[in-house]
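Please provide a briefing on the structure shown below, with attention to its aromatic residues and the packing around them.

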Amino acid sequence: MKQELLEKFRALLAAEISKEVIADLKQLTVDFRAETEKEEKQQLERFLADPENDKNDFVPSADPLNDEFVTLLTEFNEKRKVF
């Protein structure tokens with residue numbers, strides 16, 4: 001799911017920036033963050049399934065898609081400023 005969102009984000013980012021494109025990119029940002037939150041919640045639930053684990057010790061696993069998203073989001077913010 002996150003990969004699909006990134007592909008849509010990348011495609012829109014390559015298009016000419018307009019108010020509509022900006023709105024779509026903002027929605028994709030919301031969707032991507034929601035998907036990331038959902039995945040982290042699932043990871044936490046699996047972590048806490050072991051009674052010896054403490055919630056305070058939980059660290060979500062690294063996801064290279066999140067790094068790519070941050071890079072694309074930075075590019076989006078720069079293009080939006082120019083627009």
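Phe-9 and Phe-69 are both buried in this predicted model. The rings of Phe-9 and Phe-69 form an edge-to-face aromatic pair, 5.8 Å centre to centre and with 70 degrees between the planes. Phe-9 belongs to helix α1 (residues 2-14) and Phe-69 to helix α3 (residues 64-82), so the pair ties together parts that are 60 residues apart in sequence.

**Aromatic pairs and cluster**

- The structure holds four aromatic pairs.
- Phe-9 also pairs edge-to-face with Phe-76, at 6.0 Å centre to centre and 85 degrees between the planes.
- This second pair links distant parts of the chain, with Phe-9 in helix α1 and Phe-76 in helix α3, 67 residues apart.
- Phe-9 has a relative accessible area of 1%, and Phe-76 has one of 2%; because buried means under 20% relative accessible area, Phe-9 counts as buried, as does Phe-76.
- One aromatic cluster is formed by Phe-9, Phe-32, Phe-69 and Phe-76.

**Nonpolar core**

- The largest nonpolar core has 15 residues, of which Leu-6, Phe-9, Leu-13, Leu-25, Phe-32, Phe-69 and Phe-76 touch the most other members.
- Helices α1, α2 (19-48) and α3 each supply at least two residues of this core.
- Apart from neighbours within four places in sequence, Phe-76 is in contact with Phe-9, Leu-13, Ile-22, Leu-25 and Lys-26.

**Helix α2**

- Helix α2 consists of 30 residues and spans 43 Å from its first C-alpha to its last, close to the 44 Å expected at 1.5 Å a residue.

**Thr-29**

- Thr-29 is found in helix α2 and is buried, with a relative accessible area of 7%.
- A polar atom of the Thr-29 side chain lies 2.9 Å from the backbone oxygen of Leu-25.
- When residues up to four places away in sequence are not counted, Thr-29 touches Phe-9, Phe-69 and Leu-73.
- Thr-29 thus touches both Phe-9 and Phe-69, the two rings that form the 5.8 Å edge-to-face pair.

**Loop between α2 and α3**

- Ala-62 is found in the loop between α2 and α3.
- The relative accessibility of Ala-62 is 77%, so this residue counts as exposed.
- Ala-62 and Ala-11 are separated by 51 residues in sequence and by 24 Å in space, C-alpha to C-alpha.

**Overall architecture**

- The protein has three helices and zero strands, and its elements run α-α-α from the N terminus on.
- The radius of gyration is 16 Å, whereas a compact globule of 83 residues would have one near 12 Å.
- Along the principal axes, the C-alpha atoms fill a box of roughly 50 × 20 × 15 Å.
- Of the 83 residues, 29% count as buried.
- Among contacts with a separation of 6 or more, 67% are between residues 24 or more positions apart.

Note on methods. Residues numbered from 1 in each chain as written. Predicted model: local features only at pLDDT ≥ 70, side-chain atom pairs only at ≥ 80, totals over all residues. Heavy atoms only, no water. Phe/Tyr/Trp six-rings, centres within 6.5 Å; stacked < 30°, edge-to-face > 60°. Helix = DSSP H or I, 4+ residues; strand = E, 2+ residues; numbered from the N terminus. Buried < 20%, exposed > 50% of the residue type's maximum accessible area, 1.4 Å probe, protein only. Core = buried A, V, L, I, M, F, W, Y, C linked by side-chain atoms within 4.5 Å. Contact = heavy atoms within 4.5 Å. Expected span 1.5 Å × (residues − 1). Polar contact = N/O pair within 3.5 Å; in protein donor to acceptor, adjacent residues only side chain to side chain. Rg over C-alpha atoms; globule rule 2.2 N^0.38 Å.
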